[in-house]
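Visitor: I would like to learn how to read salt bridges in a model. Please take me through some cases.

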Amino acid sequence: MATKSLDSTSIRAIIGASRRVLLLLDIQVAMLADPPIGVPESQSVKHNLSHIITHARNAKPPPLIIHVRNTGDLGEPDEPGTPGWQLIFPPAPNEPVIDKLKNNAFAGTDLGDIVPADAEIVVAGFQTDYSIRATCSSALGRGNEVLLIKGAHATYDRIEVLHGGGITPAYRIEAEIEAELEEAGVHLLDMKDLPDIFTDR
């Protein structure tokens, strides 16, 4: 389901100019609140995301920027219509917003109709071990080139119930998923690469 969409002519024009998409996953108020509601590194990740969006919007030509918003269940921090459900970065008029119900942003939405299978997708947002992993994997399966920016995605610490319990810190989970996705074919980039990400190369 799409909350705010562009007409197909506008989308084709933007995609045709750059063949790139910046896919912003679940960058919502609840995810970037102070912990424990938000992720542990919420403020540093928010800073990096802001820089990425600014670079993308200033690129010549710019990528198609798509905001994907997670739709939580009743009582969850991202329940529709609640403050936590709102997007942190207001979309520009030419930036579609897509609401999703599953981790994979392509599942049950029109994202696959908007993004061509030969487009390069730059991915950032939340959560690393859920929406980021599932959406990147799905995009690879479609044939897209996928780029994931370190420091621009995050998740929560994980409480372990097996093998003696304990807590796996978020940074370790993020590194594990990065390694898993890189092995599958995702290109990992650093924030220092940002000036060149949305330029011809």
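Visitor: Is arginine 133 buried, exposed or partly exposed?

Guide: Arginine 133 is partly exposed, with a relative accessible area of 30%. Buried means under 20% relative accessible area and exposed over 50%, with partly exposed in between (1.4 Å probe, protein chains only). This is a predicted model, where local features need pLDDT of at least 70 and side-chain atom pairs count only at pLDDT 80 or more, while totals for chains, interfaces and linings use all residues. Residues are numbered from 1 along each chain as its sequence is written, and side-chain values use heavy atoms, leaving out hydrogens and water.

Visitor: With which residue does arginine 133 form a salt bridge?

Guide: Side chains of opposite charge can pair when their charged atoms come close. A salt bridge is a side-chain nitrogen of Lys or Arg within 4 Å of a carboxyl oxygen of Asp or Glu. Arginine 133 pairs with glutamate 180, the closest N and O atoms being 3.0 Å apart. The pair links distant parts of the chain, helix H4 (residues 128-142) and helix H5 (residues 170-184), 47 residues apart. Helices (H or I, at least four residues) and strands (E, at least two) are DSSP runs, numbered from the N terminus. Glutamate 180 is partly exposed, at 35% relative accessibility.

Visitor: How many salt bridges does this rule give?

Guide: The count is seven. Among them is aspartate 99 with arginine 69, whose closest N and O atoms are 2.7 Å apart. Aspartate 99 lies in strand S4 and arginine 69 in strand S3, 30 residues apart.

Visitor: Are aspartate 99 and arginine 69 buried or exposed?

Guide: Both aspartate 99 and arginine 69 are buried.
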